[in-house]
Amino acid sequence: MNMTFWVWLSVGIYIALGMAIAIAARRHLGAGMNEFFLGNRRVGGFVSAMTYAATTYSAFMMIGLAGLTYKSGVGALGFELTYLCGLFLVAFFGPRFWLVGRKFDYLTHAELLADRYQSKAVGVTACALCFIFLVPYAAIQIMGIGYLVAGLSKGAIPLIAGMIVAIVLGIAWSNIAGLRSVAWTDAFQALVMVGTSLAVLLVVVQAGFGGFGDFFARMNSDIPDLLTVPTGKGLWNVNMFIGLALPWLFFSLSNPQVTQRLFIPKSVTAFKQMIGGFLIFGFIYTLISVLWGFAARLLVPGLENADMATPTLLAMPIVPMALALLVMVGIMAAAISTIDSILLTLSSMWARDVHKSIINPRISGARELAISRKCVIPIIAIISFVFAWWAAGKTGLAFMIAPLSSAASAGLLMAVPTIIAAFFWRRATAAGALSSMIVGAIIVLVLQVINFKPLGLWPAVWGAIACVILFVAVSLLTKPPLEKANEFMGYLQGELQKGNFV
């Protein structure tokens, strides 16, 4: 039997297991928006950590980060480590999200902002940023699965087939039991991700190089230009690093599928376990992905599309077929988990922050949930698929998975000053929030579309500069909602002084 058969068989087994887990999760599903999208805020520490990890680390890592390492070298490691450095933001802001989420019953960070600034427009604008910039990020996951199955089957399975599987499963599993089905499958998938990727790295290093000593020696002798920054090809320089890393540093605050995870732990202890577990997982998975990219560069040099590094390496004879198929399933599972999470988060934002806030404030909870599941999730999925299909046909650095991921986060970065100020600056105003998010997002979007970097600075940097200046200046010139600010910040101060999060 050829490889194509085994790829489809592995995908079929994965789908069957995933369906079983999702259906089992449905048995515990209660009623209401909080239950469907947040697991009723009763998720344990281990599952919280694993769903956080699987949601964050997806096709980007073993496909995107490995591909970026293949093409540009060790700078990719520094770039990705900025995300882990950004976890100090979760340790600092996470407890605040968790506390106010429970106190004021927030479902999304857009709802939090609308209430804190006493402005529906702020919530709608934050929601719009997420819709505009998260669609490309969802598309990246779809592309990653397409590249993976096409590469493993050596083109026998077309890229479009893998992408169709990804989007169909994303729609199905996000509908079956909401966060519970996603979180339960994530716990299993995250272990498969890191376990299989580590196993295959050890196999490749031993079979392809004779061990880590010879592997590192080959790196020094064959690709020394990829071990320094900037590289010999000039890909990594200060402007490129800052442009890609800045959105990554604030990813944990700017991306709604991540901030929504901050609402779900059932206790302070579970919250701490979530952060600690994710940090350990992330560090290990980052090193695996980067070393994998270097191994691919040495063993399969000259790839036109660097994002094909992982699929091409997995298809080599030195990798046992069973292990390659397990890695494929692990990457596919992680990518679909991210798609699920994005579909869930965006559908909840539309239902709560747009439909209920603006269109029909009297809508029932049942109707609100029905709109999310039956209308918004399929529409977002289809749009993401179309974008993925278009981007997959492009070539060059701008259309690689890792840069596309950072570019998507660059637009979401424009909400960060508004989010930070919500917790710490009583003088912050809705006008400041609106002007900074709108103008900053326009700057990022225009510069990205026309591929223009004034003075060599990337769109994320120019957007962030304009965003911060506008937010502070406009807030100082307009009237803040002091009553809500005092209630919001006073509650947090009282709870944090109890010392539960120390």
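Student: In this predicted model, how many residues does helix α8 have, and how far does it reach from its first C-alpha to its last?

Tutor: Helix α8 covers residues 120–152, which makes 33 residues, and it reaches 48 Å from its first C-alpha to its last, close to the 48 Å expected at 1.5 Å a residue.

Student: Where does α8 bend, and by about how much?

Tutor: The bend is at L134 and amounts to about 35°. A proline, P136, follows within four residues. Just after the helix, K154 takes a positive phi of about 55°.

Student: How should one read the surroundings of such a helix?

Tutor: In general, an α-helix has 3.6 residues a turn, so residues three or four places apart point the same way. In α8, 27 of the 33 residues are buried, so the helix is largely enclosed by the rest of the structure.

Student: How is a pair of aromatic rings described?

Tutor: One gives the distance of the centres and the angle of the planes. The structure holds 26 aromatic pairs. For F5 and W6, the ring centres are 5.2 Å apart and the planes stand at 75°, so this pair is edge-to-face.

Student: Are the residues F5 and W6 buried, exposed or partly exposed, and what is the relative figure for each?

Tutor: F5 counts as partly exposed, at 36% relative accessibility. W6 is also partly exposed, with a relative accessible area of 28%.

Student: What is the geometry of the rings of F36 and F37?

Tutor: Their centres lie 5.0 Å apart with the planes at 85°, so F36 and F37 form an edge-to-face pair. F36 counts as buried at 1% relative accessibility, and F37 is buried with a relative accessible area of 2%.

Student: Which residues do ring pairs link into a cluster?

Tutor: The cluster consists of F92, F93, F97, F104, Y106, F263, F423, F424, F488 and Y491.

Student: Which charged residues lie over the face of a ring?

Tutor: R297 lies over the face of Y70, at 5.5 Å from the ring centre. K453 lies over the face of W458, at 4.7 Å from the ring centre.

Student: Where is confidence lowest, and where is it highest?

Tutor: As a general rule, where pLDDT is low, the predicted coordinates should not be read in detail. The mean pLDDT of this protein is 84, and 93% of its residues reach 70 or more. Confidence is lowest in helix α19 (residues 401–412), at a mean of 68, and highest in helix α22 (residues 459–477), at 96. Over residues 395–400, pLDDT stays under 50, and the model has 16 contacts beyond four places in sequence for them.

How values were computed:
Residues numbered from 1 in each chain as written. Predicted model: local features only at pLDDT ≥ 70, side-chain atom pairs only at ≥ 80, totals over all residues. Heavy atoms only, no water. Helix = DSSP H or I, 4+ residues; strand = E, 2+ residues; numbered from the N terminus. Expected span 1.5 Å × (residues − 1). Bend = angle between axes of the 7 residues up to and from the residue. Buried < 20%, exposed > 50% of the residue type's maximum accessible area, 1.4 Å probe, protein only. Phe/Tyr/Trp six-rings, centres within 6.5 Å; stacked < 30°, edge-to-face > 60°. Lys NZ or Arg CZ within 6 Å of the ring centre and 35° of its normal. pLDDT = per-residue confidence, 0-100. Contact = heavy atoms within 4.5 Å.
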